[in-house]
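Me: I'd like to learn how to read a sheet and one of its residues. Could you walk me through it?

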Amino acid sequence: MTLPRLQSLLIDVLRIHVMRLGILLTGLMLLISVASAHRGHGVWTDIVWSGNHFEITHRFHAADGLAANRFVGGSGALTNAEDLARLALYVEQRFAIVDTISNDSDTNQVAKLKTLGAEVDDDFVYVYQEWWPLSLPDAALQLQHSVLLDVEPSTQIFVRIDTPKGIEERRL
């Protein structure tokens, strides 16, 4: 084998190894970025008109539910009725609808929501409420929503309101 041919072969082998090393490093960087990815904090609230009342469902990750439960003095286990009740009360204190139809005065008041309970399903916590207004509101619902913001200030809140008048989605 001649010297120029040997040099050419060595350069080709070196290129192949550099390419393989590049592919390997790219894969390693991708693996590291996926492994270090962090789930964001969020609350998804669905408010649905159901015939003559609103059904309200709040959903958030179980890990955030554990943190909120500990925040209000619970064990954080979410496997017993007491901890789930604490979590339901936590949400009740941080979510409200401003009622402009059920009162006769010009002042707004917080609607009387009924908290039904909470449950854990897979990796999510669900808290259920309902509201029985005198009639379907004509105007857009005014909300006060701070669920999880005191536990994790970067929490994003997504609200979906479904009535016969249409669907409205908000990001608070």
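Reply: Happy to! Keep in mind that this is a predicted model. Start with the strand order: 6 strands make an open sheet, running E5-E6-E2-E1-E8-E9, with mixed pairing.

Me: Which are the edge strands?

Reply: Look for strands that pair on one side only: here these are strand E5 (114-121) and E9.

Me: How many bridges join strand E8 to E9?

Reply: There are 6 bridges between E8 (residues 156-163) and E9, and the two strands run antiparallel. In that pairing, threonine 163 stands opposite glycine 166 of E9.

Me: What does helix H2 touch when it packs on the sheet?

Reply: Helix H2 (residues 62-71) touches strands E1 (42-49), E2 (54-61) and E6 (124-131), and its direction makes about 95 degrees with that of E2. Helix H3 (residues 81-94) also packs on the sheet, against E2, E5 and E6, at about 125 degrees to the direction of E5.

Me: Now a single residue. Is arginine 170 buried or exposed?

Reply: Arginine 170 lies in strand E9 (residues 166-171). Buried means under 20% relative accessible area, so arginine 170, at 18%, counts as buried.

Me: What does the side chain of arginine 170 reach at 2.6 Å?

Reply: That side chain reaches the backbone oxygen of leucine 141 at 2.6 Å. The side chain of arginine 170 also has a polar contact with the side chain of glutamate 168 (2.6 Å). Leaving out residues up to four places away in sequence, arginine 170 touches several residues, among them Ala140, Leu143, Phe158 and Ile161.

Technical notes:
Residues are numbered from 1 along each chain as its sequence is written. This is a predicted model: local features need pLDDT of at least 70, side-chain atom pairs count only at pLDDT 80 or more; totals for chains, interfaces and linings use all residues. Side-chain values use heavy atoms; hydrogens and water are left out. Helices (H or I, at least four residues) and strands (E, at least two) are DSSP runs, numbered from the N terminus. Buried means under 20% relative accessible area, exposed over 50%, partly exposed in between (1.4 Å probe, protein chains only). A polar contact is a pair of N or O atoms within 3.5 Å; within protein, one must be able to donate a hydrogen and the other to accept it, and residues adjacent in sequence count only if both atoms are side-chain atoms. Contact means heavy atoms within 4.5 Å. Two strands pair if DSSP finds at least two bridges between them. Axes are lines fitted to C-alpha atoms, for helices over the stretch in contact, and angles run from 0 to 180 degrees between N-to-C directions.
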